[in-house]
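Reader: Can you walk me through this one? Keep it brisk.
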Amino acid sequence: EGSRSNIFVINGDTLRTSRVETVLPGVTRTEIIKMARELNIKVIEENINYMELKSADAVFMSGTSPKILPITKIEGNVINRDCKLLNKLMEAFDDRIEKYISENSKKKRLEEKAKKEAEEKAKKEAEAKAKKEAKEKEKKEAEEKAKKEAEAKAKKEAEEKAKKEAEEKVNKEVTKRKEMALAKTSNTTKVNKDIKGSKVNKK
């Protein structure tokens, strides 16, 4: 393995790399092994002696930045760069990355769209709620106003009625007293006439 990378060796149609227990378990390493198996390439994880690298058909290192980076020389020994299996892996890995970026970009766009739609929905719901609350408040205020006006009207009518009844009562009382006074006056007049007539008869 490298300081921040893993080493792969190609022998014929087989891809070899060190066992995960003995090296850095790189994410790119895992993806390359997974991809190779999907492509029906035989993958062997085993301890590899560095002397075996000199006789390999191809050797490459893997990492986040280098992806699949061919190694062309080891201790003066030139390693084949034009390896069919190596090129196949490099091409497939680049396609895999492009697909991942494309899918994630699409996913991100969909998430942003969903987020925007959710925000717009929440905004509309908030506006509808505020509108409903304002309408209910306006209705309540109108009802309270109508109630107060009705109460004021009823109070005024009751006062006017009470006033009218009081006036009628007073008028009746006055009329009654007038009638009583008139009756008294009539009686007095009658009495006076009777007295006067009585005096005339005596004469």
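Author: A term to begin with: accessible areas here come from the Shrake-Rupley method with a 1.4 Å probe. The model is a predicted one. On that basis the protein chain exposes about 16400 Å².

Reader: What's the radius of gyration, next to that of a compact globule?
Author: The protein chain has 57 Å. A compact globule of 203 residues would be near 17 Å.

Reader: What box do the C-alpha atoms fill?
Author: Roughly 185 × 30 × 25 Å, along the principal axes.

Reader: OK, secondary structure. How many helices and strands?
Author: Two helices and seven strands. From the N terminus the order is β-β-α-β-β-β-β-β-α.

Reader: Where's the largest nonpolar core getting its residues?
Author: That core has 19 residues. α2 gives the most, with six.

Reader: Which residues have the most contacts inside that core?
Author: Ile10, Leu15, Ile32, Phe60, Ile68, Leu86 and Leu89.

Reader: Take Leu89. What is Leu89 in contact with, leaving aside neighbours within four places in sequence?
Author: Ile10, Leu15, Met35, Ala36, Ile41, Phe60 and Ile68.

Reader: What other core lies apart from the largest one?
Author: There is another, of seven residues. Val9, Leu53, Val59 and Ile74 are among them.

Reader: Switching to Ser18. Where does Ser18 lie?
Author: In the loop between β2 (14–17) and α1 (27–38).

Reader: Buried or exposed, that Ser18?
Author: Ser18 is buried, because its relative accessible area is 16% and buried means under 20%.

Reader: Which residues is Ser18 in contact with, beyond four places in sequence?
Author: Ile7, Val23, Arg29, Glu45, Glu46 and Ile48.

Reader: Back to the whole chain. Of contacts between residues at least 6 apart in sequence, what share joins residues at least 24 apart?
Author: 59% of them.

Reader: Last topic, charges. How many positive and negative side chains?
Author: The protein chain has 53 positive and 40 negative side chains.

Reader: And how far apart are the centres of the two sets?
Author: They lie 15 Å apart.

Key. Residues are numbered from 1 along each chain as its sequence is written. This is a predicted model: local features need pLDDT of at least 70, side-chain atom pairs count only at pLDDT 80 or more; totals for chains, interfaces and linings use all residues. Side-chain values use heavy atoms; hydrogens and water are left out. Helices (H or I, at least four residues) and strands (E, at least two) are DSSP runs, numbered from the N terminus. The radius of gyration is taken over C-alpha atoms; the globule rule is 2.2 Å times the number of residues to the power 0.38. Contact means heavy atoms within 4.5 Å. Lys and Arg count as positive and Asp and Glu as negative; His and the chain ends are not counted. The place of a charge is taken as NZ of Lys, CZ of Arg, CG of Asp or CD of Glu. Buried means under 20% relative accessible area, exposed over 50%, partly exposed in between (1.4 Å probe, protein chains only). A nonpolar core is a set of buried Ala, Val, Leu, Ile, Met, Phe, Trp, Tyr and Cys residues joined through side-chain atoms within 4.5 Å.
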